[in-house]
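I opened a new notebook page for this structure. My notes follow in the sequence in which I looked things up.

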Amino acid sequence: MAGIYLHIPFCKHKCTYCDFTSFPEKLCFSEAYMACLIKEIEQRGKQLSRMTFDTVYFGGGTPSVVDPIYVAAAVKQIKKSFRLAPDAEITIEMNPGTVSEEKIAIYKRAGINRFSVGLQSAIDEQLEEVGRIHNVRDYMYCASLLKGENFSADIMLGLKGQTKEDVRKTVEVAVMSGASHISMYALTPEDGTPIYTDYLNGELPDSDEVAELYEYGYALLKERGFERYEVSNFCKKGKESKHNLNYWKRGEYIGLGVSASSFLGNKRFTNTFDLDEYMKCVLSGFPPVIESEDVSESDAKFEFVMLALRTARGLSAKEYKSAFHSEWKEDFSAAYRKTAEYLEEEGDVARIKEKYLYVQNSILSEYMNG
Ligand code: SF4
């Protein structure tokens, strides 16, 4: 399986927790940027003409903030330049504050068949506090336009003052709106973002409180018929995000656009984070890549174990052996000894026990040292 990721680095306003590559003040360059993106699609497509891609994902930033005709043109160019599987999943991220009936109709006509909508919270004050441009009504309107479509809602945990009752309301809104997939992420206060000050001042819920909110949200989602297939991702039967599954299986992907990263063959490479540099490179026919590295075998093994253990499917010893010709329990014997009590094993598959899911980072960190 292989995926295509396209980064759209524009937003209307910067959220206080945002650490993504997005330039609200440069929205006026979106037309020029999309023209460059289409050029990069063409350039990369020529190099990768032998591969078949199963997923396409427009992420950001806020892809829905740019004129939808450019998004449609990008999809058209992808179909022309790359070989896509006939049932390819094509997703676009949308901010509920930027949607319209016409926009969604254009996306659908272009072939987009999956939508990822940032709800984050069903409490308007919390949305406002972190600088989101939408409110709950906007989300409901967006969901009404997506009725019958395959769409996902993002929910955030760890917001200032967030209670279990807030999480209950948010999960209810996401479920009732018809989302078939829900991503429930913990907010990570990154140094340099405005919310980091709140974190330093102790104004955000601590990790134990967030863990409690997660367990509570998880139980509600389970009750509503959502299955967990990765630590932060839940869905109705058969509605997993193929694009994310590919990442967790260490599948190959090409990233296009500013700051996008790729994993092809055994190489990882990343495009420049600078918007002007990106456009100059693409227009002069040079790859906008700033970093490239071969993944060592020990890193590849660690990635395989770490990504597989995060999923509900778990880590298959058979698959590990066929990828590396060795046994994972031997390659990571010290870490396995230390963490065995947190794992459940079934046949050749090992996974983290449900009650330890939320502390999976400390379990997985053991594997970093082999
Ligand atoms: S909408 Fe998303 S990408 Fe844009 S500023 Fe907010 S968090 Fe960042």
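**Ground rules.** I call a residue buried if 20 or more other C-beta atoms lie within 10 Å of its own, exposed if 12 or fewer, and partly exposed in between, with C-beta atoms placed from the backbone. This is a predicted model, in which local features need pLDDT of at least 70, side-chain atom pairs count only at pLDDT 80 or more, and totals for chains, interfaces and linings use all residues. Residues are numbered from 1 along each chain as its sequence is written. Helices (H or I, at least four residues) and strands (E, at least two) are DSSP runs, numbered from the N terminus.

**Entry 1: strand β1.** I began with β1, residues 2–8. Six of its seven residues are buried, so I noted the strand as mostly covered. Next I looked up its partners; two strands pair if DSSP finds at least two bridges between them. β1 runs parallel to β9 (residues 252–256), with five bridges joining them. Here L6 stands opposite L256. β1 also runs parallel to β2 (residues 52–60), through six bridges. In that pairing G3 faces T55 of β2.

I then followed the chain from β1 to β2. Together with helix α1 (residues 30–47), the two strands make a right-handed β-α-β unit. Right-handed means that, with the strands pointing away from the viewer, the path from the first strand over the helix to the second runs clockwise.

**Entry 2: the ligand.** Which residues surround the ligand? I listed C11, K14, C15, C18, F20, S22, G60, G61, T62 and N95. A residue is near a molecule if its C-beta atom, placed from the backbone, lies within 6 Å of it. By class, I found four nonpolar, five polar and one charged residues in this shell. Ala, Val, Leu, Ile, Met, Phe, Trp, Tyr, Cys and Pro count as nonpolar, Asp, Glu, Lys and Arg as charged, and the others, Gly among them, as polar.

**Entry 3: D276.** I found D276 in helix α10 (residues 275–283). Is D276 buried or exposed? It counts as exposed, because it has 11 C-beta neighbours inside 10 Å. I also checked D276 against F29: they are 247 residues apart in sequence, yet 9.8 Å apart in space, C-alpha to C-alpha.

**Entry 4: a three-stranded sheet.** I traced an open sheet in the order β13-β15-β14, with antiparallel pairing. β13 (315–316) and β14 (343–346) stand at the edges with a single partner strand each, so one side of each is left without a neighbour in the sheet. Two bridges join β13 to β15 (residues 349–352). S316 has V349 in β15 as its bridge partner.

**Entry 5: E327.** E327 sits in the loop between α12 (317–324) and α13 (328–331). It counts as partly exposed, because 13 C-beta neighbours lie inside 10 Å. Leaving out residues up to four places away in sequence, E327 touches A317 and K321. Contact means C-beta atoms, placed from the backbone, within 7 Å. I also compared E327 with E227, 100 residues away along the chain: their C-alpha atoms are separated by 30 Å.

**Entry 6: the whole chain.** I ended with the totals. The protein chain has 15 helices and 15 strands. Its C-alpha atoms fill a box of roughly 55 × 50 × 40 Å, taken along the principal axes. Buried residues make up 40% of the 370 residues. Of the contacts with a separation of 6 or more, 72% come from residues 24 or more positions apart.

Note on methods
Contact = placed C-beta atoms within 7 Å.
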